[in-house]
Amino acid sequence: MEFTFPVNKVSNMEEDTNCSVEPVGDAGAESGTPSPAEVELSDAAARTATPRMTITTSTTYSTTTSTPSTTLGDAHLEAVKVHMTTTVKKAREQNSADPQGELQNGATNPEAPPSHGPSHVFSPEWSSLSKEEVVDKVKGTIYGQAIGDAIGLATECMSKAEARGLYGEQGPGGYQRTYVDFHRSRWDEGDWTEDTDQMLVILQSVVDTGGKVERHHFAKRLNDWMIFGFPELGDVGGMGIGTMVHKALANVQFLSSPHEAAREVWERSGRYLATNEALMRTSVLGVVNFNNLDKVTSNTNEICAVTHADPRCAASCVAMTTTLALMLQGKYDPMKEEGNKALVAEALEYACKHLSLDEQRRELRDHVMSSSLEDLKLDEESSISYTFKALGAGFYGLRKATDFRKTIMELIMEGGDADSNGAVCGALMGCKLGFKALPQDLLQFKNRQWLDERVDSFLRLIGLI
């Protein structure tokens with residue numbers, strides 16, 4: 001089995017046996033069902049990670065056995081870094097359209113373009129809610145996602161039966177009760193995963209550009225995160241990079257033409273892959289320019305298409321961001337049944353515009369309107385990381401939840417790609433219920449102060465503090 005890059009990451013596909021599946025749904029793409037040779041391993045299967053703040057622990061693992069190795073493999077780690085540096089350098093040399101793309105060794109962020117002032121500053125007429133209520137919902141979105149992601153790690157890649165066997169019917173309860181196996185030992189207690197990392201990459205890109213949503217800037221930031229992670233948190237590389245993101249980043253066009261690079265990856269898959277990686281990071285785009293749904297949709301597509309070209313991915317992301325924007329506008333009361341139904345219906349209208357096939361529109365609606373988590377079959381091995389599954393999980397929480405903790409625990413106990421499902425559900429529930437309704441113990445993240453600082457900078461940019 002080959003190593004997967006970047007930096008210190010190696011494939012855990014044999015270790016994560018429950019995740020060795022294809023991340024697609026039942027609906028075939030326009031070109032038809034691919035041959036077995038075209039079927040990809042799941043996004044969750046390809047995710048790998050190293051714990052933050054434990055980079056001196058020196059643990060690697062073999063690609064031929066699920067038993068961790070006790071040797072660091074410094075030579076291999078250095079070789080991987082050299083490979084990535086060489087690959088990135090070659091790509092940039094070939095992309096003359098990106099003359100400012102040189103990555104300085106050790107840099108954590110790309111050079112931001114000159115700021116022309118924020119493109120979105122909150123004004124009272126944009127929402128029927130008070131400013132304080134909007135802030136509560138925005139923070140609920142961001143921190144709710146981080147909670148769902150972090151607690152979802154407890155059952156990621158497990159079947160429903162395995163999750164119940166380890167945690168009982170009620171679930172882990174908190175971060176300190178997370179079962180530690182080799183997969184979960186790579187994160188520290190109370191840490192979120194790549195789902196929230198990539199959402200924060202988008203957030204910081206928006207801050208850097210003075211409120212703009214720009215594909216090339218995000219692509220550069222994502223590329224730098226891949227190589228360096230967040231060094232101030234002890235990262236030595238981006239954690240948990242999934243199949244589609246990894247392939248897009250590896251494409252020689254990525255920095256100069258990210259949309260084209262992602263489309264090439266999708267075309268090579270037989271137009272078949274529709275993983276949840278774009279959806280899991282998209283929540284913050286429901287906040288930027290939330291008063292203008294057309295702008296929200298445009299922003300969402302701009303970032304989704306950097307790594308995901310499948311229309312099902314675009315539809316999923318738009319369904320989520322327009323729902324968040326509508327809640328921030330105060331157009332509907334999601335706590336009331338009729339308001340909730342109208343909210344979901346309008347978001348579906350925007351989402352379905354991205355799908356040309358009736359079959360895909362029906363499938364989208366079926367997932368969004370699922371009557372139970374069991375109906376979603378979140379631990380189904382053939383489609384564990386399918387974007388519609390994560391979307392369905394999120395809308396289940398939006399439509400049903402009145403208690404954040406109870407619903408998020410119910411969700412993650414279904415197993416499957418639980419951190420991504422939890423991230424999407426946590427963001428939608430967090431916006432619906434507000435930051436003040438989030439469980440205080442689950443807000444005690446390992447890197448809470450660091451997160452607070454970045455959220456405050458974003459809120460300051462858009463005029464909410």
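**Loops, cysteines and a helix pair**

Author: R271 sits in the loop between helix 8 (258-268) and helix 9 (277-281). Helices are DSSP runs of H or I with at least four residues, and strands are runs of E with at least two, numbered from the N terminus. This is a predicted model: local features need pLDDT of at least 70, side-chain atom pairs count only at pLDDT 80 or more, and totals for chains, interfaces and linings use all residues. Residues are numbered from 1 along each chain as its sequence is written, and side-chain values use heavy atoms, leaving out hydrogens and water.

Reader: Why is R271 called partly exposed?

Author: Its relative accessibility is 26%. Buried means under 20% relative accessible area, exposed over 50%, and partly exposed in between (1.4 Å probe, protein chains only). So R271 counts as partly exposed.

Reader: What is the phi of R271?

Author: Phi of R271 is about 55°, a positive value, although R271 is not a glycine.

Reader: Where is C157, and is it buried or exposed?

Author: C157 lies in the loop between helix 3 (131-152) and helix 4 (160-167). Its relative accessibility is 5%, so C157 counts as buried. Phi of C157 is also positive, near 70°, and this residue is not a glycine. Its C-alpha atom is 5.7 Å from that of D417, 260 residues apart along the chain.

Reader: What makes C352 and C425 buried?

Author: C352 has 8% relative accessibility, so it counts as buried. C425 has 0%, so it counts as buried too.

Reader: How many disulfides does the structure hold?

Author: The structure holds 0 disulfides. A disulfide is a pair of cysteine sulfur atoms within 2.5 Å.

Reader: At what angle do helix 12 and helix 13 pack?

Author: Helix 12 (residues 337-352) and helix 13 (residues 358-368) pack at about 150°, with their axes 11 Å apart. Helix 12 is therefore roughly antiparallel to helix 13. Angles over 145 degrees count as roughly antiparallel, under 35 as roughly parallel, 65 to 115 as roughly perpendicular and the rest as oblique.

Reader: Which residues make the contact?

Author: Helix 12 supplies V344, L348, A351 and C352, and helix 13 supplies R361, L364, R365 and V368. Contact means heavy atoms within 4.5 Å.

Methods. Axes fitted to C-alpha atoms, helices over the stretch in contact; angles between N-to-C directions.
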